[in-house]
Amino acid sequence: MNARPWRQGRRALLVLLASGALVLGGVAAAAAPGTPARPSAARAPGVVRAAAADSCDPKASSLRPSGPPQVTPGSFMAKIRARGYLIAGVDQSTYHFGFLNPLSGQIEGFDIDMIRAVANAIFGDPGKVHFKAISDEQRIPDVMHGTVDIVAHTMTITCDRLQKIDFSSVYFDAAQRVLVLNDSTATSLDSLHGQKVCATSGSDSGDRILQHKAVLVKVPYWTDCLVLLQQGDVAAISTDDSILDGLAAQDPWTKLVGPRLTDEPYGLAISKQHPEFVRFVNAVLQQLRTDGQWAASYRQWIGAPAPKPPAAQYGG
Amino acid sequence: MTTSVSVPPGPETSAPAEHSARWRSRLDGAATPTRLRLLLALLVLLSLGWGVLAALTADQHASAAADVVAVSEPLSLDAEQIFTKLSDADATAASAFLAGGLEPAQARQRYQADITEAAIRIQAASALVGSSAARTQLPGHLARQASGTSTAVGDDLATLSGQLPVYTGEVGTARADNRLGLPLGAAYLREASTLLRETLLPAARDINTRESALLTSASAQATGLPLLVVTVVVGLGIGYVFFRSGRWLARQTHRVVNYGLLAAALVGLVSLVWLAGAFAVGRGDLLHAQQQGSGPAQAFARAEVAALQAHADESLTLIDNSGDDAYQQDYVAQQKRLGPGPGTLLAQVQAPAGKPGSDAVAEARAWYQAHAALRAKDNAGSHADAVQSALTGDAATRFASLSATLSDGVDAHQAVFASSARNGRDAFTGLAVGMIVASLVMVVGCAWGLSRRLAEYR
């Protein structure tokens, strides 16, 4: 009998949406070559994008710290300290970066280590954090509305996002790649032409999938993509290698293939209303880079040997 | 007088007034033995006609009542149990995941018991629908409704038995991944929960709705008045014919009483009283079964299911904890359905049930408060406190007492229904056969009484 008509219905809808986005994406790509095409941007992409591309370098967009991290009176950091805890929006399903460890009931990972370092700099106690697990889609709204103080969520600094929120300096360099089952013959996104490839709704990985003429299947979480891959409902998952590594670690019957398709510099997201907090966080990150904590976290979560941390570049 | 009574057999009643007068004059003019033979033939026909009509009436009510007890009730109970057990499995699996570390043995056992019970019920319902021998003898329109229901219910049961292993497989994968400490487990749990809510529960709900409708129809058939009223009026008409015949015979033969005829009339009267009495008792029991049994039981069951789904939502919100508040929205929707308030499920529970109903309302309010406190904690970032409340704290205990009250309500009213409906069915036991026997006794009585008079003319 027909297994799961509901799910096929949902898929069909997604595929439909995706093919609609494909057309839009194609138009956007043609209008603004060289810039990442955003299918969601219906407003005259060519003009706005070109202007943004001229003045925007995602890797060197953040604010320069003024010395070591200091909680100055009247600053946002002082407000957080008065509240008694930092509120951080994090991922709970991305293995090794931000995930709820079912055994301890704690959220752990590389992203989480960054947040704990910030809390430590404010309170002298890395434990004074309230973690709010959020989906990819929720990241920008939560930062903009102030529901969270900071977001550490495998989040790529992009020029589009920089128009709405601020980012810290780059704390991790990722690149989009492709995860397939061990027995797959696919070697890159191009060889998945016309097949179903999974990504989350709020990620920027979907655009690249559409550019390579694969069929995009959207789900809320990266682990949902792995469920679909295991059940044979999609041919591949494509996103940042950092996330894919975490998925591969949960299923030894998968492998990463293909070249690095994009540069995905990760930053911690902060509201544009708190530039002093951006500088503060950058100071904290600078400490982590130099005192070996960054390397220690890298070795714990991603693997040894740790590379050199991404060098901080600032735009202002 | 006699013409106003609609008795098909017998020339005396079917003919218009002048016609019957002609008949009577012809009877009067005929020789007495001929008239006696004609009277005998009439009375025998009336007795047999009564037997057929009364037995048919008895059988219509008895078979509908039997369907209520043998098929509709067990099936709607099965459907209700499948629905409740699956909802409970969903809620239990979700809260077991919340526990962190190893799932509590208790939660695992409860989940297993739910799945086992649901599987048993699915099998039992399938067997019942597959055989449904009891339904072939239902009266016409009811039989058509029953066969339509059986087809749809058969499809639903196929969905349930096909998808239940898929669901348990996904929960099993979730559990295995969880044990390895992988976040993938939570994704499989979400997948399983979606399958349960979007495929399994709707199928169970569909069975419940259809069988409840059939139960109502069968009950209405068993308790319906029109056929019985017609039968009783006909019976009284036949009684009147016997009375007039006795009078006429007394005049003709100059004997006060014809014992054969008297015996036949008395047997006829007894059968009429039996039929009416059995119907009154059976109808009373079946209505009681409906009003105090299946009706409130359904209301309690619906409330219980809404509460269970809201409880699963509470856990899934904490597991998912993603800012995407779909599960919390569903909780709010379920809370709205549950009530209390006009038109809500708890209002229906409250109406007939008295104390358990008002207990449930108070417990639901307490649970909503605990839930609001839990959400406030979670939203303020105290996830661990919120989980604590959902697992063993305030929210957990409040929900447990609400769930227990509703579940007890279902059981208590189900028991009322079962015993009353069985009593109702038993009231019709042997009724149809009794009517046929009575009519044969009446025939014998008439024959015996009149043949003795006829013998006098030899």
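Predicted model: local features only at pLDDT ≥ 70, side-chain atom pairs only at ≥ 80, totals over all residues.
**Exercise 1. How do helix α8 of chain A and helix α6 of chain B lie relative to each other, and which residues make the contact?**

Solution. Start with the axes: α8(A), residues 222-230, and α6(B), residues 184-223, come within 8 Å and cross at roughly 70 degrees. That angle falls in the 65 to 115 range, so α8(A) and α6(B) are roughly perpendicular to each other. Next, find the residues involved. From α8(A) come A:Thr223, A:Asp224, A:Leu226 and A:Val227, while α6(B) brings B:Leu184, B:Ala186, B:Ala187, B:Tyr188 and B:Glu191. Finally, sort them by class: six are nonpolar, one is polar and two are charged.

**Exercise 2. How many residues does each chain give to the contact between chains A and B, and which elements of chain A supply at least two?**

Solution. Chain A gives 30 residues and chain B gives 24. On the chain A side, β3 (98-100), β5 (129-133) and α8 each supply at least two residues. By class, this side of chain A holds 16 nonpolar, 10 polar and four charged residues.

**Exercise 3. Within chain B, how does helix α3 run against α6?**

Solution. The axes of α3(B), residues 32-98, and α6(B) come within 8 Å, crossing at roughly 165 degrees. Since this is over 145, α3(B) is roughly antiparallel to α6(B). The crossing of α3(B) past α6(B) is left-handed. Their contact residues divide into 22 nonpolar, nine polar and six charged.

**Exercise 4. In what order do the three strands of the open sheet in chain A stand, and which are at the edges?**

Solution. The order is β2-β3-β4, with antiparallel pairing. β2 (93-94) and β4 (107-108) of chain A each have a single partner strand, so one side of each lacks a neighbour in the sheet, and these two stand at the edges. Now look at one pairing: β2(A) and β3(A) are joined by two bridges, and A:Thr94 sits opposite A:Gly98 of β3(A).

Terms used: Residues numbered from 1 in each chain as written. Chains lettered and ligands numbered in written order. Axes fitted to C-alpha atoms, helices over the stretch in contact; angles between N-to-C directions. Helix = DSSP H or I, 4+ residues; strand = E, 2+ residues; numbered from the N terminus. Parallel < 35°, antiparallel > 145°, perpendicular 65-115°, else oblique. Contact = placed C-beta atoms within 7 Å. Nonpolar A, V, L, I, M, F, W, Y, C, P; charged D, E, K, R; others polar. Pairing = 2+ DSSP bridges. Left-handed = near helix turned anticlockwise from the far one by under 90°.
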